[in-house]
Amino acid sequence: MKLGLIGGGNIGKFLLQSINSDKLVDGAQFVGLYTRNQEKANELAEEYDLRSYQSIDELIASDIDVIVEAATVDVVRAHATSVLTHGKDLVVSSVGAFSDNDYFLQLETICKEQGTTIHLPSGAVGGLDILKAAKAIGALQEVSLTTTKPPHALNGVTLENKTVLFEGNAYEAIKQFPKNINVSIILSLAGLGSKETKVKIIADPKATKNSHEITAKGAFGKVKLVVENDPMPNNPKTSYLAALSVLSTLKHKDQSIKVG
């Protein structure tokens, strides 16, 4: 499986190390890369033995099988359609791009026409299987997410006291915090949608981890799940689990037996 990577940040480099160097995904190899910083792209290309492309369009037009996005919401919205119409599968890290249900449905239609697939990793949270199971029979009634992070992990704000920075729905949350609250959109897609998923974002100077408290209610009962994530070593805005979930998606992409 030939992989192409968009993005050369912490998640991107983690994937390159895990797949090209550590060989953690059988039969897979990153063979192409695009990132805006060409100097960095060339360094990564040399270190991990792959080609650096001058544009995303050039990367998409190559003979790569799967494009892995580890960049931004804007990159997904600008290039997802092109990836799919070129007959390639797409793995999306910035799932906040799917906050707009019309856009989601548009890409779903393209996938059906092209025979391609979009893979959305679970990111920094769990419990998606419960939400999907309850949603399958319309038994899901309420989903809420409370995310707490250190201030420096939330748009670099400086605070002395624990402060609620946002309270509303996931649709509005991702607009204000596009790099910090992708988890709200993956919960929305598994559950009630971005406009019906309640979100609270808290900055806490005493917090040392990124935590996500998920509560869901329905005919099945009630579930409460708390996930406390260590941030990636070089980027406090990104949970380590988010990077691991992308790797897991690639590792299990073509398995004959799928769990959950």
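This is a predicted model: local features need pLDDT of at least 70, side-chain atom pairs count only at pLDDT 80 or more; totals for chains, interfaces and linings use all residues.

Me: Is Leu241 buried, partly exposed or exposed?
Reply: Buried requires under 20% relative accessible area and exposed requires over 50%, with partly exposed in between. Because its relative accessibility is 32%, Leu241 counts as partly exposed.

Me: Is His212, which the UniProt annotation "active site" covers, buried or exposed?
Reply: The annotation comes from an unreviewed UniProt entry, and the place of His212 in the model is in strand β10, residues 210-218. Since a residue under 20% relative accessible area is called buried, the 1% relative accessibility of His212 makes this residue buried.

Me: With which side chain does the side chain of His212 make a polar contact?
Reply: Leaving aside neighbours within four places in sequence, His212 is in contact with residues including Leu145, Thr146, Thr147 and Lys149. The polar contact between side chains has a distance of 2.8 Å, and the partner of His212 in it is Thr147.

Me: What separates the C-alpha atoms of Lys222 and Leu140?
Reply: Lys222 lies in strand β11, residues 221-229, and counts as exposed because its relative accessibility is 59%. Beyond its neighbours within four places in sequence, Lys222 is in contact with Thr215, Ala216 and Lys217. Leu140 is 82 residues from Lys222 along the chain, and their C-alpha atoms are separated by 9.7 Å.

Terms used:
Residues are numbered from 1 along each chain as its sequence is written. Side-chain values use heavy atoms; hydrogens and water are left out. UniProt positions are given in the numbering used here, feature names are shortened, and annotations may be inferred rather than shown by experiment. Helices (H or I, at least four residues) and strands (E, at least two) are DSSP runs, numbered from the N terminus. Buried means under 20% relative accessible area, exposed over 50%, partly exposed in between (1.4 Å probe, protein chains only). Contact means heavy atoms within 4.5 Å. A polar contact is a pair of N or O atoms within 3.5 Å; within protein, one must be able to donate a hydrogen and the other to accept it, and residues adjacent in sequence count only if both atoms are side-chain atoms.
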